[in-house]
Amino acid sequence: MGLKTGSGGWRTNRASDPKIPPVTYTCDNYPQICQVKGSVKNHCCEKTCVDVKTDLLNCGACGHKCGYGELCCDGDRVSVMKNRKNCGMCGNKCKDKERCCNGKCVNKKTDPLNCGKCGHKCGYGEICCEGHCINVMTDKKNCGMCDNKCKDKEICCNGKCVNKRTDPLNCGECGHKCGQNGSCCKSKCVNLNTNKMHCGGCDKKCKKDDVCEFGMCNYA
């Protein structure tokens, strides 16, 4: 009875007569060896039975070697680093809006490491919005997050939409804080307790000869 060898061939068992060397039946001389029922390695390459659908050294045909970053997928040499139908491994398909970047399926419209294209990384404070790196700390159309638009009179400060005409923490510009007892009126810091043009509130004007005290005109 024969014994199967590691190369896909067979050899005879001649243990009964050790003086006679074993005979090895390799597939180059006996191609039918590779056609054993149930075997997927049904092609003979370099005296070895191989599966040309998956073999890296014999992909699709004997001697067709896969290159760096390639796998043999159903007999085709495929770059699994960028192939959408075989991303990272054979048969791993990316979704409709995804692309294959370095063997991973990513959404180039939202991925901060592959924004717009593979390998395009967004910087500090930026996120990927529709394939563009955006600073959501200052962008009026994407304030704090993608598609969060500030109103006409607002600006984006540290990821928040604020009204620079009235915000005491961002009066006139981002980060400009009004001091103690200070209020923001028309982008300027004023003291509502003493300012004749803004006495007790923005645009509350005192008369020409009046004095503003404690937020009231002509306090007595």
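## A cysteine left over

Cys66 is buried (under 20% relative accessible area; exposed is over 50%, partly exposed in between, with a 1.4 Å probe and protein chains only), its own relative accessible area being 17%. Before going on: this is a predicted model, in which local features need pLDDT of at least 70 and side-chain atom pairs count only at pLDDT 80 or more, while totals for chains, interfaces and linings use all residues. Residues are numbered from 1 along each chain as its sequence is written, and side-chain values use heavy atoms, with hydrogens and water left out.

## The disulfides

How many disulfides does a search of the whole structure find? There are 19, a disulfide here being a pair of cysteine sulfur atoms within 2.5 Å.

Take Cys27 and Cys44, a disulfide with its sulfur atoms 2.0 Å apart. The turn about the S-S bond is 75 degrees, so to speak a right-handed link. Cys27 sits in the loop between β3 (24-25) and β4 (43-45) while Cys44 is in strand β4, so the pair ties together parts 17 residues apart in sequence. Strands, by the way, are DSSP runs of E with at least two residues, numbered from the N terminus. As for burial, Cys27 is buried at 1% relative accessibility, whereas Cys44 is partly exposed at 29%.

Cys150 belongs to the loop between β11 (132-135) and β12 (154-157), and Cys161 to strand β13 (residues 160-163), so the pair ties together parts that are eleven residues apart in sequence. Cys150 is buried, at a relative accessible area of 12%, and Cys161 is partly exposed at 27%.

Cys157 and Cys174 make another disulfide, with 2.0 Å between their sulfur atoms. The link of Cys157 and Cys174 is left-handed, with -80 degrees about the S-S bond. Which parts does this pair tie together? Cys157 is in strand β12 and Cys174 in the loop between β13 and β14 (182-185), so the tied parts are 17 residues apart in sequence. Cys157 is buried with a relative accessible area of 4%, but Cys174 counts as partly exposed at 40%.

Strands β6 (residues 70-73) and β7 (residues 76-79) run antiparallel, joined by four bridges; two strands count as paired if DSSP finds at least two bridges between them. Leu71 has Val78 in β7 as its bridge partner. Two residues lie between the strands of this hairpin, and there Asp74 takes a positive phi near 55 degrees.

## Positive phi in loops

Most residues other than glycine have a negative phi. Glu46 has a positive one, near 55 degrees. Glu46 lies in the loop between β4 and β5 (48-50), and at 75% relative accessibility Glu46 is exposed.

Ser187 is a further case, with a positive phi near 70 degrees. You'll find Ser187 in the loop between β14 and β15 (188-191). Is Ser187 buried, exposed or partly exposed? Ser187 is partly exposed, with a relative accessible area of 23%.
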